[in-house]
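Visitor: I'd like to go through this structure at the level of its side chains. Could you take me through it?

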Amino acid sequence: MSKAKKVLIIEDDPAVARMLTTALSQENYEVRTAVSGKEGIQVAQDYRPSIILLDLGLPDLGGAQVLLTLRQWFTAPVIVLTANDSDQDKVAALDGGADDYVTKPFSVSVLLARMRVALRHYDKVEVTDSYTLGPYEIDLINRQVKVEGSFVKLTATEYDILRVLLRNYGKVVTHRTLLKEVWGPNSVEHHQYLRVYVGQLRKKLRTGKKSLTGEEFIQTELGIGYRLQI
Amino acid sequence: MLKAYLSSLVFLFLTAFINYLLIPYLGYRATGFGFLVGVLPVAVGCGLGPALLFATLSALLWDYFFIPPQFTFSIQNSEDVMMNLTYFVVALVTGILGSRIQSHEKTLKAREDKANRNALLEESEKLHQTLLNSVSHELRTPLTTILGIVNHLDFVSKSPETSLVVHDLKVSAERLNQTVTNLLDMSRISSGALRLNQSVIDLSDFIRTCVARADYMLENHHVTILDPKNAIYVKGDEKILETAFANLLSNAARYSPEGSEIRIDLSASTSASNEFAAVKITNSGANIPAGDEEIIFGKFYSTSGGVGLGLGLVIVREIVALHRGTVSAKTTDGFTTFNVLLPIEELPDQMKVNLQVV
């Protein structure tokens with residue numbers, strides 16, 4: 001067992017903070033908490049956590065403001081917690097440097113999974129050229145994709161979308177990031193049709209089995225973006 | 001319009017009368033200035049037409065009643081002819097310029113009104129959003145704790161009795177969460193503060209996303225999706241539309257026997273010469289009482305012994321209406337079908353090319 005990972009929870013609600021502390025301690029995380037944005041930023045400087053859980057609804061500073069300040073020097077993962085239905089804040093947080101998000105009320109096991117993915121991405125930037133994921137075999141060098149052993153022909157755009165999602169395996173990729181990575185910075189005109197392209201890609205990735213469909217491989221984060229995961 | 005002309009006439013006769021009384025003191029020539037002064041308020045107050053009427057009639061009146069020989073249109077003095085003509089031209093120009101000022105002012109005022117209204121609307125939208133966000137935060141934060149602890153207890157509880165109680169707690173908390181979600185959805189939709197974040201959606205892909213997301217509700221049913229012959233696209237807000245279909249899928253699962261089939265039939269249909277994308281969700285059982293096909297979409301309708309506030313279908317209808325579509329329900333031969341119609345979105349040719357395999 002490697003040394004325990006340090007988590008900082010910046011959350012103003014004491015009950016949520018305590019519940020998370022209990023759950024995370026059980027998973028062998030070392031936990032510290034802060035109840036405001038200012039305190040959170042301060043504690044982060046002394047404590048040097050491996051990962052931060054940041055509530056977006058803090059009383060003193062907006063979550064976005066805290067994130068902005070943290071990101072000036074803090075490079076490890078930040079996962080935002082939000083009770084807000086509107087996606088603007090989530091998208092702004094993700095585009096502003098958060099690694100992932102969960103919406104309250106969230107399941108603790110989902111949060112733990114998101115934390116593991118974020119930490120894994122941060123620990124080692126995986127530079128693999130071929131992936132085998134369930135029924136999918138993807139070869140990034142030869143630009144080949146196999147579903148259940150047989151080749152599937154993808155357009156250049158579909159292939160690029162798949163590649164970007166694959167590089168961020170398990171992490172949410174916002175519409176904006178995807179557009180920028182696939183079509184370059186001037187990609188506004190594709191925004192309208194992004195879902196159409198992804199729909200087409202998923203259609204090609206559908207399997208015969210009922211156990212896994214293209215929709216479950218490339219998951220839709222409604223109003224936010226996509227997440228590739230098995 | 002008529003009122004403007006009438007006021008112009010009334011004002012003209014009033015001015016003429018006063019001028020007429022002033023002739024002995026000012027002489028007939030100076031009274032011309034009296035008429036000239038009258039043109040401006042008419043133009044500014046009543047607009048171009050009434051001002052031109054005033055200018056023309058006043059020139060004639062002046063000539064007829066004031067300029068010697070009085071009570072004829074003929075004029076003795078050539079100087080007076082020049083004056084009358086000059087008066088007429090100056091009055092016309094004054095009328096035109098004055099009416100321009102008026103119309104310009106009107107535009108400015110209309111623009112200001114609109115700006116004010118928009119600012120007000122935006123303000124109330126923002127206020128509503130802030131209120132909803134804080135209500136959402138206040139309701140969901142305690143639910144996060146409850147559900148988190150319940151799941152933890154569920155995981156560690158050993159005795160059968162405790163796990164039963166914990167299970168009840170979990171189901172109740174989840175139901176509460178669903179109610180909170182429905183209430184917040186409803187209030188957001190009915191507030192008018194809802195802005196659709198529209199994009200083009202591949203219907204068959206989107207329905208699969210909805211089904212995948214509703215997985216936990218559908219695990220005791222077989223879901224079959226029948227795709228359309230050709231891909232169908234609609235324009236909409238994916239997140240809001242998903243709320244509508246999640247409600248329909250949850251109903252289909254709740255009101256049909258475990259293990260039965262839920263069929264989702266996607267097709268293009270033409271109604272009233274418009275092309276619609278049709279999503280038909282059919283489940284067995286749960287007959288809608290004949291005559292209730294409309295009422296079920298009303299607020300607080302709930303079947304006897306049903307759970308929930310009866311907001312689910314209201315939300316569905318409102319969301320579909322926001323997307324310029326319709327939803328209807330029917331029971332035949334023990335099968336209940338909800339039919340959602342949404343306007344079809346045509347892809348531009350460039351997109352069709354882009355989607356071809358290279």
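Predicted model: local features only at pLDDT ≥ 70, side-chain atom pairs only at ≥ 80, totals over all residues.

Visitor: How many aromatic pairs does the structure hold over all chains?

Guide: Over all chains, the structure holds 14 aromatic pairs. One of them is formed by A:W73 and A:F74, an edge-to-face pair with 5.8 Å from centre to centre and 85° between the planes.

Visitor: And is A:F74 buried or exposed?

Guide: A:F74 is buried, with a relative accessible area of 4%, whereas A:W73 is partly exposed, with a relative accessible area of 27%.

Visitor: What about B:Y20 and B:F66, what do they form?

Guide: B:Y20 and B:F66 form an edge-to-face aromatic pair, 5.7 Å centre to centre and with 85° between the planes. The pair links distant parts of the chain, since B:Y20 is in helix α1 (residues 2-26) of chain B and B:F66 is in helix α3 (residues 48-66) of chain B, 46 residues apart. B:Y20 is partly exposed, with a relative accessible area of 36%, while B:F66 is buried, with a relative accessible area of 3%.

Visitor: Which residues form one aromatic cluster with those two, B:Y20 and B:F66?

Guide: The cluster is made up of B:Y20, B:F35, B:W62, B:F66 and B:Y87.

Visitor: Back to chain A. What sits over the ring of A:Y47?

Guide: The charged end of A:K6 sits over the ring of A:Y47, 4.9 Å from its centre, and the charged end of A:R32 also sits over the ring of A:Y47, 4.9 Å from its centre.

Visitor: Changing topic, how many residues has helix α6 of chain A?

Guide: Helix α6 of chain A (residues 156-167) has twelve residues, and from its first C-alpha to its last it reaches 16 Å, close to the 16 Å expected at 1.5 Å a residue. The helix is mostly covered, with nine of its twelve residues buried. Among the buried residues of α6(A) are A:I161, A:L162, A:V164, A:L165 and A:L166, and also the charged residues A:E158 and A:D160.

Visitor: Where is B:F17 found, and is it buried or exposed?

Guide: B:F17 is found in helix α1 of chain B and is exposed, with a relative accessible area of 53%. Together with B:L14, B:I18, B:L21, B:L22, B:Y25 and B:L26, B:F17 forms a nonpolar patch on the surface, with about 760 Å² of accessible area together.

Visitor: Now salt bridges. How many are there over all chains?

Guide: A search of the whole structure finds 19 salt bridges over all chains. In one of them, B:D202 is joined to A:K203, with the closest N and O atoms 3.2 Å apart. That pair crosses between chains, from B:D202 in strand β1 (residues 199-202) of chain B to A:K203 in helix α8 (residues 194-204) of chain A. B:D202 is buried, with a relative accessible area of 1%, and A:K203 counts as partly exposed at 29% relative accessibility.

Visitor: What does the pair of B:R208 and B:D227 tie together?

Guide: The side chains of B:R208 and B:D227 meet in a salt bridge of 3.1 Å, N to O. B:R208 lies in helix α6 (residues 203-213) of chain B and B:D227 in the loop between β2 (222-226) and β3 (233-236) of chain B, so the pair ties together parts that are 19 residues apart in sequence.

Visitor: Which residues are linked in a network of salt bridges?

Guide: A:E11, A:D55 and A:K104 are linked in such a network.

How values were computed
Residues numbered from 1 in each chain as written. Chains lettered and ligands numbered in written order. Heavy atoms only, no water. Phe/Tyr/Trp six-rings, centres within 6.5 Å; stacked < 30°, edge-to-face > 60°. Buried < 20%, exposed > 50% of the residue type's maximum accessible area, 1.4 Å probe, protein only. Helix = DSSP H or I, 4+ residues; strand = E, 2+ residues; numbered from the N terminus. Lys NZ or Arg CZ within 6 Å of the ring centre and 35° of its normal. Expected span 1.5 Å × (residues − 1). Patch = residues over 30% accessible without salt bridge, like charges linked within 9 Å, V, L, I, M, F, W, Y side chains within 5 Å. Areas by Shrake-Rupley, 256 points an atom, 1.4 Å probe, with all protein chains shown as cover. Salt bridge = Lys/Arg side-chain N within 4 Å of Asp/Glu carboxyl O.
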